[in-house]
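Take a look at the chain below.

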Amino acid sequence: MGNSTLAPGVRGQAGPASGAAPGDPYGKSPYKKRKGTLRPARERAFWPFLLPALLGYSLLFVLPALYGFWVSLNKWAGPGSEMEWKGAANYTALLNNDAFRTSFVNTFVLALAGGVAVFGFTFLSMVVLRQAKGRGFIRSVVFLPMIISLIAVGAAIGFLLNPGGAVNSVFGWLGLDPQPWLGPDMVFRCVIGGLVWSSTGFYVALMMSAADSIPPYLYEDAKLIGATKWEQFRYITLPLTWDVFAVCAVLWVVNSLKVFEIVIAFTTAGTPGSPPLQARTVAVQQFLSVTNNGGAPELGSGAAMGVFVLIVTAVLVWLTRRITRREQVELS
């Protein structure tokens with residue numbers, strides 16, 4: 001007989017109190033103490049690593065953005081001149097400015113039409129290059145335009161498409177009439193074409209990297225049941241690379257709304273002058289507003305354009321994320 005008392009129907013020796021950890025007869029778990037001491041230690045180690053990044057981001061991005069918003073509410077010609085309070089007048093003036101409205105429509109068309117072309121070529125490349133021989137070399141060639149500066153790309157295309165350029169010369173040899181590639185009706189289409197040519201390789205590289213991670217047996221099973229290449233792309237490749245596509249779509253939206261260099265180089269070919277209105281984007285119009293053709297800079301109007309584009313970018317990114325949101329497909 002021992003001193004311990006067992007509950008009716010329970011065999012064995014009396015154990016520690018309910019909820020106590022092994023080896024702790026008084027119900028005080030050593031894991032609770034250990035967890036309580038480690039968590040503050042992690043927090044103390046977390047902030048010293050995070051604070052430099054937060055300070056740098058605040059100094060380089062947040063404060064300049066707030067200052068830019070303040071400038072957008074004033075009329076200002078730059079350092080050395082006084083600010084004149086305008087309130088929302090700079091924003092209302094933009095809405096009544098034909099040049100800004102045209103440049104905004106051009107930017108939106110570039111983002112939409114250019115995005116359709118870029119991802120159309122990207123998806124086609126994923127179908128064609130998945131089993132092509134030498135696909136690594138082909139992908140490197142497709143990616144090559146991304147390495148070249150957009151200024152060089154724009155200048156080269158401008159020289160090729162000018163009235164006496166190589167393209168019209170080839171048309172003449174073939175007995176075709178030369179085309180006004182740099183005319184008002186075609187110049188912006190050529191800008192979009194040059195941007196698509198220079199940007200597609202980047203998105204092909206990203207999407208193909210995701211496609212390469214798909215197990216080959218999925219395609220082998222699809223072939224056994226008679227699935228075509230289009231069906232393999234639709235039901236295997238696209239669902240398993242959708243997360244990467246969503247990221248690529250956001251990157252395209254952000255990059256397309258700040259297109260600047262290729263327009264300047266394409267339309268001016270390095271000579272002084274302003275791009276025609278039919279080819280301007282918001283970034284180009286903002287640059288022209290700030291420089292004002294050598295006159296007094298209109299920094300308030302330029303800052304208002306920047307704030308406007310920031311809001312539009314945030315809305316489009318949010319819409320893109322909403323449209324591309326899907327349940328993640330996992331392989332079992």
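Which residues of helix α12 are buried? Keep in mind that this is a predicted model. Helix α12 spans residues 282-291. Its buried residues are Val282, Ala283, Val284, Gln285, Leu288 and Ser289.

Now ask what covers them. Then move to the end of α12. Asn292 follows the helix. The phi of Asn292 is positive, near 55°.

Step back to the whole chain. The protein chain has 13 helices and two strands. It runs to 332 residues, and 34% of them are buried. Next, consider contacts between residues at least 6 apart in sequence. Of these contacts, 65% join residues at least 24 apart.

The protein chain exposes about 21100 Å². Carbon and sulfur atoms supply 66% of that area. One nonpolar surface patch covers about 750 Å². Tyr57, Leu59, Leu60, Phe61, Val62, Leu63 and Leu66 make this patch.

Pick out one member of the patch, Leu60. Leu60 sits in helix α1, which spans residues 30-72. Is Leu60 buried or exposed? The relative accessible area of Leu60 is 63%. The cut-off for exposed is over 50%, so Leu60 counts as exposed.

Compare the two places you have visited. In α12, Leu288 is among the buried residues. In α1, Leu60 is exposed.

Note on methods
Residues are numbered from 1 along each chain as its sequence is written. This is a predicted model: local features need pLDDT of at least 70, side-chain atom pairs count only at pLDDT 80 or more; totals for chains, interfaces and linings use all residues. Side-chain values use heavy atoms; hydrogens and water are left out. Buried means under 20% relative accessible area, exposed over 50%, partly exposed in between (1.4 Å probe, protein chains only). Helices (H or I, at least four residues) and strands (E, at least two) are DSSP runs, numbered from the N terminus. Contact means heavy atoms within 4.5 Å. Accessible areas come from the Shrake-Rupley method with a 1.4 Å probe; for residues, only the protein chains shown count as cover. Patches are made of residues with over 30% relative accessible area and no salt bridge: like charges are joined within 9 Å, nonpolar side chains (Val, Leu, Ile, Met, Phe, Trp, Tyr) within 5 Å. A salt bridge is a side-chain nitrogen of Lys or Arg within 4 Å of a carboxyl oxygen of Asp or Glu.
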